[in-house]
Amino acid sequence: MEYPPYFNPEMELLSRSEIEALQLRRLRETVERCTQSPFYKRRFAEMKLDPESIRSLDDVRRLPFTTKQDLRDNYPFGFAAVPLEKCIRLHSSSGTTGTPIVVLHTRKDIDEWANAMARCMWMVGLRPTDIFQNTSGYGMFTGGLGMQYGAERVGMLTVPAGAGNTKRQIKFIRDFGTTAIHAIPSYAARLYQVMQEEGVDPRRDTKLTTLLIGAEPHTEEQRRRIEEMLGVKAYNSFGMTEMCGPGVAFECKEQKGMHVWEDNYILEIIDPDTLEPVKEGDIGEMVLTTLNREAMPLLRYRTHDLTRIIPGPCACGRQHKRVDRMKGRSDDMIILKGVNIFPMQIEQVLLQYKELAPQYLITLETVGSNDDMTVEVELNNMFTDDFGALEALRKSIAHSLKDEILVTPKIKLVPNGTLPKTEGKAVRVKDLRKHY
């Protein structure tokens, strides 16, 4: 059977003028809906803001920013714009300490989420003939159910394997003929490592063709390495619990940036210090406004993810703006010896070395009166244990990192499999410094 090239051509093929007209209409509706939210009702009163004052898309800048701290301060239901009896689901953020954030969904919200995810999956070539295996955890983490909804909406046979138990994952991949899989980058690398240990060749012994990746930052080098290891095309995605989960933005087959579904979101890129917009193409903090959510609309949510809008049209024909892969976060920057460093800079250097595995850990410690950085990185299984070769490699890595981040870290080369593994997002930085 021949399938159409677009899952939802009515929305995917909108012109720029049509996108912007739809955004303005939905923005007005969203601001009106926000007057039912206790948080925004208070904020609008403080700012003397009236929904009628939104007359153009530029007026989005008149709306208040929303932060993660706002969500925590109004835990659990202070952002609800509908009565709780109209909500059928809540999700909560993962990986945070203290008060979590909570996001509510109506039945329509869940349905629209499924449609957005299906649109993403269809865009990279997945069809009802595919068999889709999801290695994300199910529950409060949105990656499990979000991907599940999309795969079911596409019509694929789904394997809700959940997180962990890598040997079982590999058995399922082989026994069920899995063609597409969803995994975070660090787990995709772990999957390949166990395949090697079990004598499984992913090209020869599986039918894998497509990998959907996201949930943790990764470089282009890491993506290409994963593609080479597993023999797949790996497509980058962006999502966050606050926006619904996965399905906010996704790569198309061109793999030249992720299309933000602008019928669902207004995208801004701002300077995180001045809060003013940056020029198109410049890196800044991504800010998102929901346009199609009933239970809990969010205005100008500061994601703290650093990226840029990729100028110009995409060859795939979709006019929805594209953002580059995340360059880091405005709130995970390391300041060491007066230098600003992002962990992604270190990863990019490490992945240039074929002798290294993709697992690493950055540890920051106070030694005497100075703060020091140690980078532990695993060797791949094929590299020699010759002391001279190891020392030469260590010095080369230290030199390359100094060129990139302007400070010289200590380098520790450790055997493959040494660093702790997690089923959630990989822990890349351990800050043990003493701050007075």
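Guide: Helices here are DSSP runs of type H or I with at least four residues, strands are E runs of at least two, and each kind is numbered from the N terminus. The model is predicted, and what follows should be read with that in mind.

With that convention, helix 3 spans residues 38–47, and its buried residues are Phe-39, Tyr-40 and Phe-44. These cover an arc of only 125° around the axis, which puts them on the same side of helix 3. That buried side packs against helix 2 (16–34) and helix 4 (68–73), whereas Lys-41, Ala-45 and Glu-46 are exposed on the other side. Following helix 3 comes Lys-48, which has a positive phi near 55°.

Helix 12 can be read in a similar order. Its 19 residues, 387–405, reach 27 Å from the first C-alpha to the last, close to the 27 Å expected at 1.5 Å a residue. Buried in helix 12 are Leu-390, Leu-393, Ile-397, Ala-398, Leu-401 and Ile-405. Because they cover an arc of only 135° around the axis, they lie on the same side of helix 12. The cover over these buried residues includes strand 17 (339–341), helix 11 (343–350), strand 18 (356–367), strand 19 (370–379) and strand 20 (410–414), while on the other side of helix 12 Lys-395, His-399 and Asp-403 are exposed. At the start of helix 12, a side-chain oxygen of Asp-386 comes to within 3.2 Å of the backbone nitrogen of Gly-388; just after the helix, Leu-406 takes a positive phi of about 75°.

In the loop between strand 3 (131–134) and helix 6 one finds Thr-135, which counts as buried at 7% relative accessibility. The side chain of Thr-135 reaches the backbone oxygen of His-182 at 2.6 Å, and the residues that Thr-135 touches include Gly-162, Gln-169, Ile-181 and Tyr-187.

Technical notes. Residues numbered from 1 in each chain as written. Predicted model: local features only at pLDDT ≥ 70, side-chain atom pairs only at ≥ 80, totals over all residues. Heavy atoms only, no water. Expected span 1.5 Å × (residues − 1). Buried < 20%, exposed > 50% of the residue type's maximum accessible area, 1.4 Å probe, protein only. Arc of directions from axis to C-beta. Contact = heavy atoms within 4.5 Å. Polar contact = N/O pair within 3.5 Å; in protein donor to acceptor, adjacent residues only side chain to side chain. Lists of a residue's contacts leave out its neighbours within four places in sequence.
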